[in-house]
Amino acid sequence: MFCALCTSTLISSSIYHEHNAQTKRNTMEKKTMKAGSNLEKVLSSGAFAVTAELGPPKSADPEVIIKKGKILSGYADAVNITDNQTAIVRMSSIAAGAILLREGLPEPVMQMVTRDRNRIAMQSDILGASALGIKNILCLAGDHQCHGNHPGSKNVYDIDSIQLVAMVKAMRDSKVVQCGEEIEGVAPSMFIGSASTPLGDPKEFRAIRLAKKVNAGADFIQTQAVYDVPAFAKWMEQVRDMGLHEKTHILVGIIPIKSSGMARYMDSSVPGVIVPDEIMERMKGLKGKKAGEEGIKIAIELIHQVREIEGVHGVHIMAIEWEDRVPEIVEGAGLLPRPTLS
């Protein structure tokens with residue numbers, strides 16, 4: 001029979017060792033974190049992630065970023081700041097991301113396109129973004145300038161999006177810039193993302209292209225908008241056969257439809273997007289508020305469907321200039337509350 005003092009000592013000892021064990025586990029978790037961003041923590045925890053998109057203004061007004069950020073706060077684990085989307089001049093992704101951080105709003109995913117910068121400028125911006133506290137990057141090629149408001153401008157495309165992924169990984173993990181020169185001091189800390197178009201042509205090579213991005217160092221993938229869930233599920237079968245779902249985190253793109261005209265445009269003019277006849281029929285004849293409500297309902301249904309597919313780790317909601325409807329979608333899909341991880 002133990003005396004009270006011995007029992008107290010044993011309990012204290014047990015608590016001490018448990019505390020040490022927990023401290024070691026926390027240390028190990030921190031060591032395995034690549035950047036320690038909230039998005040990385042959510043995905044690493046096994047939770048179903050939610051990212052959203054925030055389009056910067058075609059002006060120098062920070063209030064636009066703050067207003068949109070407040071709308072998305074509590075509903076997205078991170079928000080993508082687009083980089084001159086559709087090749088139209090907008091506030092820089094880095095500056096907009098810094099505003100979000102300053103205001104304590106959802107953490108940014110800095111988008112970077114290879115269209116506008118050579119490798120020197122991109123690496124400079126990556127170092128600067130990391131110094132500002134930005135911990136997520138999405139590597140893209142970017143829309144061709146012929147689609148934007150400066151069609152006569154020269155593009156760069158010094159490297160492609162896969163090479164950009166590999167370059168960021170080398171800067172982070174090997175502490176070298178692209179020429180092989182060592183980074184002096186602090187290396188950039190970035191959780192690296194890339195994009196995928198599962199239903200783009202030629203379809204038989206889409207999973208192979210994904211594998212190239214994963215092998216280059218993509219920690220997470222955000223896909224083009226998915227409406228044809230059965231076709232997407234077949235692509236995911238290829239992804240699983242290649243074991244890619246265990247090497248990266250796949251977030252499915254969801255773009256809520258505002259009107260029947262938008263549905264037709266997405267189907268006919270956006271590469272890799274297939275809008276099934278069933279959805280077309282549901283949107284047919286609807287206008288204004290009724291069309292928007294049906295589009296939101298469809299988006300919620302799509303999230304429920306893709307969530308059931310093995311290997312899907314989250315959704316990326318791209319509510320183009322419709323950020324105020326994201327909370328409704330997230331709540332309707334049963335994705336609240338968002339995880340809070342330290």
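**Notes on aromatic pairs, cores and a surface patch**

1. Let me start inside: Phe-191 and Phe-220 are both buried. Please keep in mind that this is a predicted model.

2. The count of aromatic pairs comes to 2. In one of them, the ring centres of Phe-191 and Phe-220 are 5.2 Å apart with planes at 20°, so this pair is stacked. Phe-191 belongs to strand 5 (residues 191-196) and Phe-220 to strand 6 (residues 220-225), so the pair ties together parts that are 29 residues apart in sequence.

3. On to the nonpolar cores. The largest has 84 residues, and those touching the most other members are Ile-137, Leu-164, Met-190, Tyr-227, Met-266 and Val-315. Helix 11 (residues 288-307) supplies the largest share of this core, with 8 residues. A second, separate core holds 13 residues, among them Val-42, Ala-78, Leu-140 and Leu-251.

4. Val-315 is worth a click: leaving aside residues up to four places away in sequence, its contacts include Phe-48, Val-50, Leu-251, Ile-303 and Leu-335.

5. Finally, the surface. Phe-205, Ile-208 and Met-242 make a nonpolar patch of about 270 Å². Ile-208, found in helix 7 (residues 206-216), counts as partly exposed because its relative accessibility is 40%.

Conventions. Residues numbered from 1 in each chain as written. Predicted model: local features only at pLDDT ≥ 70, side-chain atom pairs only at ≥ 80, totals over all residues. Heavy atoms only, no water. Patch = residues over 30% accessible without salt bridge, like charges linked within 9 Å, V, L, I, M, F, W, Y side chains within 5 Å. Areas by Shrake-Rupley, 256 points an atom, 1.4 Å probe, with all protein chains shown as cover. Salt bridge = Lys/Arg side-chain N within 4 Å of Asp/Glu carboxyl O. Helix = DSSP H or I, 4+ residues; strand = E, 2+ residues; numbered from the N terminus. Buried < 20%, exposed > 50% of the residue type's maximum accessible area, 1.4 Å probe, protein only. Core = buried A, V, L, I, M, F, W, Y, C linked by side-chain atoms within 4.5 Å. Contact = heavy atoms within 4.5 Å. Phe/Tyr/Trp six-rings, centres within 6.5 Å; stacked < 30°, edge-to-face > 60°.
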